[in-house]
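These are my notebook entries on a single protein chain. I record what I looked up, entry by entry.

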Amino acid sequence: MVSNFRQREILEIAREKGKVTVDGLAELYDVTVQTIRRDLAELSESGRLERVHGGAVMPSGVVNIIYEERRRLNEAGKKAIAVRCAESIPHGASVFMNIGTSTEAVARELLDHENLLVVTNNLNIANILATNQSCEIILAGGVLRRADSGIVGGLTVEMVKQFKFDYSVLGCSAIDTDGDLLDFDGQEIMVSSTAIQRSRKVMIVADHLKFQRKAPLTICSLRDVDVFYTDGKLPKSLMEDCAGWGTEVEIAEPAGLRGRKAT
């Protein structure tokens, strides 16, 4: 297989699974580990992957992954999380939803809900829910962030302050091992923090890949969250912390299986 075609496929695998291993790729393509290491080195040098011990992961750090790339990461896991989260939101509820591919997945699962009031700073969510004729959609005004169709800034914060939501459904860019939820944009964090303060119940939707990523700014801690929806087991120490904080953890399995409450 020509190297550039193999590298394209390696990127697709990394997008789906969040990471790739040298040994696994060498076996898959029946080539030497040295050949795979060269592929990963080239992908790393171009910024498309980030090298780690034994393989590579999707890049993160102080700059977020391109939005279209994020959409393609772990789509099955995000859908499973979204289904479980949407099941917990009753008809007639008021909901705030922030920027992110996981919250967009939840929006798709709310299309059959009736009489929702959804406030969002995410143009993508507004467009998704526009087909739900019984859903009232309010866009929180502010500065358009073209990279992901988010709306941020002081005006957005002031508008969110006017509401008292039944639920907030929030995503994040990364999760630290101590339970801190992380993001890249201070303006977006102000919006999410305000929504947390103005909500009766706070729901976080984030797949297991968020534990493999880093971001520089803190939104809040899982201690400030009512329910955390994810698609993989948490580290034992963090599970114990969540139990002590009273944070409910719901693990949703892909392939259409219902979520189960973690114990």
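**Entry 1. Basis.** I worked from a predicted model, in which local features need pLDDT of at least 70 and side-chain atom pairs count only at pLDDT 80 or more, while totals for chains, interfaces and linings use all residues. I number residues from 1 along each chain as its sequence is written, and side-chain values use heavy atoms, with hydrogens and water left out.

**Entry 2. Whole chain.** I looked up the secondary structure and found 10 helices and 16 strands. Helices (H or I, at least four residues) and strands (E, at least two) are DSSP runs, numbered from the N terminus. I then took the burial classes: buried means under 20% relative accessible area, exposed over 50%, and partly exposed in between, with a 1.4 Å probe and protein chains only. Of the 263 residues, 50% count as buried. The accessible surface comes to about 12,500 Å², and carbon and sulfur atoms account for 50% of that surface. The areas come from the Shrake-Rupley method with a 1.4 Å probe; for residues, only the protein chains shown count as cover. For contacts (heavy atoms within 4.5 Å), I considered residues at least 6 apart in sequence; 58% of these contacts join residues at least 24 apart.

**Entry 3. Helix 5.** I checked the length of helix 5, residues 75–87. The expected span is 1.5 Å times one less than the number of residues. For the 13 residues of helix 5 this gives 18 Å, and the end C-alpha atoms are 18 Å apart, which agrees. The buried residues of helix 5 include Gly77, Lys78, Ile81, Arg84 and Cys85.

Entry 4. I found helix 6 mostly covered, with seven of its nine residues buried. Among them are Thr101, Glu104 and Val106. In the loop between helix 6 (101–109) and strand 5 (117–120) I located Asn115. The phi of Asn115 is near 60°, a positive value in a residue other than glycine. Asn115 counts as exposed, at 52% relative accessibility.

**Entry 5. Ser149.** I noted a positive phi, near 60°, at Ser149, which is likewise a residue other than glycine. Ser149 is in the loop between strand 7 (143–145) and strand 8 (150–152). Its relative accessible area is 23%, so Ser149 is partly exposed.

**Entry 6. Thr194.** Which backbone oxygen does the side chain of Thr194 reach? I found that of Met190, at 2.8 Å; a polar contact is a pair of N or O atoms within 3.5 Å, where within protein one must be able to donate a hydrogen and the other to accept it, and residues adjacent in sequence count only if both atoms are side-chain atoms. Thr194 lies in helix 9, residues 186–197. With a relative accessible area of 7%, Thr194 is buried. Leaving aside neighbours within four places in sequence, I list Val157, Val160 and Lys161 as residues in contact with Thr194.

**Entry 7. Cysteines.** I searched the whole structure for disulfides (cysteine sulfur atoms within 2.5 Å of each other) and found zero. Cys172 is in no disulfide, and the nearest cysteine sulfur, that of Cys220, is 8.3 Å away. Cys172 counts as buried at 7% relative accessibility. Cys135 is also buried, with a relative accessible area of 9%.

**Entry 8. Helix 10.** Where do the buried residues of helix 10 fall, seen down its axis? I first listed them for residues 236–245: Leu238, Met239 and Cys242. They fall within an arc of 105°, so they line one face of the helix; the arc is that of the directions from the helix axis to the C-beta atoms. The face turned away from this buried side carries the exposed residues Lys236, Ala243 and Gly244. I recorded Gly246 after helix 10, with a positive phi near 80°.

**Entry 9. Strand 15.** The buried residues of helix 10 pack against strand 15 (248–251). In strand 15 I looked up Val249, which counts as buried at 4% relative accessibility. I also looked up Glu250 in strand 15, which counts as buried at 3%. Glu250 and Phe228 are 22 residues apart in sequence and 6.1 Å apart in space, C-alpha to C-alpha.
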